[in-house]
Structure formats: C-alpha cells, structure tokens
Amino acid sequence: MSETNIAITTYGNALDVLTQQCRDLICRDTWVAVHGLVDKADHISADVGNIYDVVGDIHKEIRRALNGVCLMEDAIRHALNSIDNIKDGVSAIGKDGFHTVVTCPKQFNHADQKATLGQLAYAGGAGLDTTKLCLEGTRVDILAYIVDWINNSEPDTPRVLWLYGQAGKGKSAIAHTIANWFKSLGVLGSCFCFARDQQAERRHEKIFTTIAHDLADRDPTFKRILAEVIAGDKALSTTRDVKQQWQKFILDPISKAAVSMVGRVVIVIDALDETGVEASRSHILSVLASAQVAQLPSSYRVLIASRPLPDILEALQDVPHITSKSMDDISIASAEHDVHLYVSTQLGRKLMDRFTIEQISRLVQLADGLFEWARLACEFIKSHKGGFTAMERYEALVSVSPGAGKGLLDEMYLTILRDIIEDDLKARARFHSVMRQILWTQEPLPVKSLNAIRRNFPDNELSDVKAILDPMGALLSGIVDVSTPVRALHASFYDFLTNPARSMEFAIKMEDVHCQLAWACVQVMQTGLCFNICQLETSYLPNSKVPDLDWRVHEYIPAHLSYACRFWAIHVQEAQFGRNLAQEMELLLKDKLLFWIEALSLLKVLNVMPSHLATIASWLEVC
C-alpha cells in the first residue's frame, strides 16, 4: 500500500470517528433539549380552573419547544454541512497527496444518485390505476384521436392536450387507458393523478418533483443530470415553488439530456380539478400555460384530464401549445354504443336475459353518455337488498324523470340513498354523522380505523360505522374489504353531498366535526403513545438501519394512531376553542410529547412537528 493510500485510509478512519462524535453530540443535545422541555411541562400549573392561565402556560411551552426545534435544526444543519465539507476534502485527494485539489465535477454512482433523488418529495399512490381502464371496445374513437396526436411527428404539434368534460363522462378511464397503453410500449414518462380525498397530502406541491422522479427512473442520463442539480443546490430539493420545480427538475434536465433521449415521452395528469381550492392549482396552471412548456422537445406529449372549471378553462383555453378536446364531441351513436356494451357487461348474461332489448335501450338512453350513471344504475338493479326484484328496481329507476348533466347523477344518488337509508330521523342523523366523519377526515381510512377514532368522539351515539356503510357498496369503496380505505367511487358523490340544493335531506354540513376529530385524535394519542412504541432492541441504530422497521411500524402503530399523530393539529386549527380540549392538549403535551416525536420519526414525517407546534401555538394565541 502506498504512503498516499495509507494516509487516505488513516484520514478516512479519523473522519468516521469525527462523524460519529458529531452524531452523538447532536443526539445528546436533542435529548437534553426535549427532556428539558418535558421537565418544564411538569411545572405547568395544575390549577386549570382559570382557563387563561392554562392557555398561557401551554402557549409558553410550545414557544419554547419551537425555539428549541429551530436551534436543533440549525445545529444539525451546521454539523452536516461541516461533515459534507470534510468528505469533499477526502474525495479531492489526488495521487500527489493531501495538497492536491481535484476540480473536476463529482461523478455520481448509482447509490449516490438514488440517495440524492430521495431528497425530492414523491407523491405515493398518485400513479397509474389499472382498475380505471376503459372497457375493451369502448371509447375507440377518442382513444384513437389521442393516440394520433401523441404519434404526430410534425414539430409544431401542440405539446399539451386538455381533455375535459362533466363529472361521470369517463375522462379518468381514458387518461389511465392511454397511460397504460404507452407504459406497455415503454414510453410513459409519468402518470400523476389528483384525488379529492387526498388533498391533505398536498399533491399540488409534489406534482413536478414526482414527474421528475418518474422521468429519472426511465432515463439514466436524465437521472444523472437531475442528481447533479439537486446536489449543487440542496435548497431546491425542499422547495414548494412549482415554477422552480418545473424549470430546474424537468425542463433544464430534459434540455441537457435531449441528445440521449429517443422516442416518444408521454406524461399524463388526471383530475386536475381535484387539487382543492383554486389557489392550490393556480401556479400549476400558470406553468402548463407558459411558453416554457412549448419549449419541450417535439417528442414530448402532456395529456391533462379535468372538468372545465372556470379557472382551468381560463388558463388552458386559446393557448398555442395546448389543444383541447371535449367529451361532448363524442357522437351520440358512439356514446350509446359504449354505454350499451358497459351495461351488458355489468349486468351479465343472467340478468340480461330478464330484460328486453327495448328495456336495455331505455336504460342506455337515460344514461345520456354518463358512465358513472350507468355504473350506479347497474349496481342498483343488481342490489341484493331483499323485498324487490331486479325488474322492480329497473322500473323504479326508469320512472324517475331524467335531468340533464349533473341533475341526472343527482337523481341517481337520491334514488340509491332513499333506498338504503331508512326514512327515520335517527337513521338519517347517523348517516349525517358517519359521512361527516368520512368527508372531513384528512385522508381515507378503513372501517376499523374509522371506528377506533369514532369511539373517542364526545357524546358518540354510534360506535360502528358499518351500520351505515354496509349497504353503500355502490357508492363507496372499502365496504366489503374492511382493510381498504373508505372513499367515494366517484368524486361527484362528495360534491353532491356537500351541496344542500342537490342532496336535499342527505346534505352533509361541517358543523363541529373538526372539534370532534381533534378531541378524538388527542385521546387516541394519549392512550396509544408509549416509550419505544415499536419495541426496538437498541436506540443506537438509526431508523434506516433497522431491518424490519416497516413491519414494526405496521404492527405497533395502527392506522388510526398514525392518523392522529399526523393530523391532530390540522383539526385543532379548524376547531372552535374549548376549555376541555385545551386541558386535554395540556395533558398530552406534558405526558406524551416525547413519545409523539418518536412516533413521527418512525412514521418518517418528523418534519411536520415544527408546523404542528406552531399551529397549536397560533390556535391558543388567537383564543
């Protein structure tokens, strides 16, 4: 071994010791700070008779916690930067010894690239869903139109196609079918889907980082360039600025990798209208409508599917690089053929034999091109609820006066709900309560978790949501398979329920649901959190080195406890101030603060702790 290699080895060993000492120091300081916070919490006045004293004490402790978190973040960031500088120094050692400085750019190996790209936010579960594909033999014309646009080799072909139409027309089925086709051909760059019931994930802040991830997975040159961009500016990896994300993570790397990228690249964005409020997608629309998108190579295509909401219509209409296609452009004959094929498949031969050709045609005409209406109609006719035959259900369905557009779906929803929910004040109140919980829960939860949270509601009269949900399989997923999250099978059902003019006696109002959920989350954490919740054998290993950590988290942190840890502050923020809730929060912060922090770390969402504490402090401050 040469003297230089010996020196490098010695220096590397010294660096390892220094790194471990730094970690120990950070860990020690962190635990000292947190224990100090807990010690201070022990001195919070036990006299809660005066609510203002209670609020003041909690507020001071949270402020101290926030200050401690900021100091710890600064210390950790400074230490890690110092370690990075030392490591760079080791990498720069050349054959001439310690005094040689290598100025060539850092070359990333596969592991380096993967670790660097891991710093970018990725929206899990937002990709292709093969359960949403078009039924074979349907939507043939419009699918062919989109495929022709994608394969058009003319350089001035619009880079973006916006597919729009009202709810229930089948836009998502078309988008996912296109994504699936081109994935099988190896040219799908990314498929990104928004969802109304996933708005708490803030997918609108992760759309372009997720697409960049997907593009990197399919092209090694793009991956290397993207990794170099992130390594060169670490602040970029955490930016929520979608305009910067588009420019730095997608457009710039594509431009640099254009020579090595061959063939078509298709990007699909589905349900853009389900991001949330208009402000959540304003910057995304600004990017999509900008001249930057027109600068994409001629081999790139971006398919967008959404309802024509006013802000989306204003942003995407009459833009040179965007071509539009309305679902209303589908001919009546083609739409009726597709719906007829769908109805025949859904009812099956056994039921189809009971109906005449004229009766099936009547059902198809009533659907008026809405696949969601046709799906609900078939589910209603096939219902196993006793007392009525399939033919009697059919007659009840066709006797309803058909509306137009949304009115047609509204009549269908009302027909189904009036069939499954008893015309009784108690039954209807229970329906309102359960659906209110589902609508304002920040992410979909399975039945077991909904019940676990619901049992902690103050003045809860119904402990099992299945009493309401069991007959709602035509409208909600997660009814048969209780491990599957409960969510609407179509986003239009949520819109229907929250509009009193449309849902009438079934309208769901928010009322005090956030107060109920906040209270329940606090109780769940008070009961469920404990020291070393995942029963780790040692505290000296970082989470990333625990081989069975995912299993342990799944085993020891149930979904309802995970939900409470991640979202309790959001519900507190939206709840009206209450003395009892404030007292329960005081007990939680005093007794379980350290365990909550541990759970967040195990759930890989420790980054939410400062914002949660700031939210609680602001809530108390206002009150």
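A: Gladly, bearing in mind that this is a predicted model: just after helix α13, D368 takes a positive phi of about 55°.

Q: And which residues of α13 are buried?
A: The buried residues of α13, which covers residues 357-367, are Q359, I360, L363, V364, L366 and A367. Seen down the axis of α13, these buried residues fall within an arc of 160°, so they line one face of the helix.

Q: What is exposed on the other side of α13?
A: On that other side, I357 and E358 are exposed.

Q: Switching to strand β4, why is it described as largely enclosed?
A: Because 7 of the 7 residues of β4, residues 300-306, are buried, the strand is largely enclosed by the rest of the structure. Y300, V302, I304 and S306 point one way from β4, whereas R301, L303 and A305 point the other way.

Q: Which residue of β4 is the bridge partner of L161?
A: That partner is L303, and the strands β1 (residues 160-164) and β4 run parallel, joined by 5 bridges. L303 also has V268 standing opposite, and strand β3 (residues 265-270) pairs with β4 in the parallel sense over 6 bridges.

Q: Last one, H432: buried or exposed?
A: H432, which is found in helix α17 (residues 425-440), has a relative accessibility of 17%, and because buried means under 20%, H432 counts as buried.

Q: What does H432 touch, leaving out residues up to four places away in sequence?
A: With those left out, H432 touches E505, F506, A507 and I508.

Notes:
Residues are numbered from 1 along each chain as its sequence is written. This is a predicted model: local features need pLDDT of at least 70, side-chain atom pairs count only at pLDDT 80 or more; totals for chains, interfaces and linings use all residues. Side-chain values use heavy atoms; hydrogens and water are left out. Helices (H or I, at least four residues) and strands (E, at least two) are DSSP runs, numbered from the N terminus. Buried means under 20% relative accessible area, exposed over 50%, partly exposed in between (1.4 Å probe, protein chains only). Contact means heavy atoms within 4.5 Å. Two strands pair if DSSP finds at least two bridges between them. The arc is that of the directions from the helix axis to the C-beta atoms.
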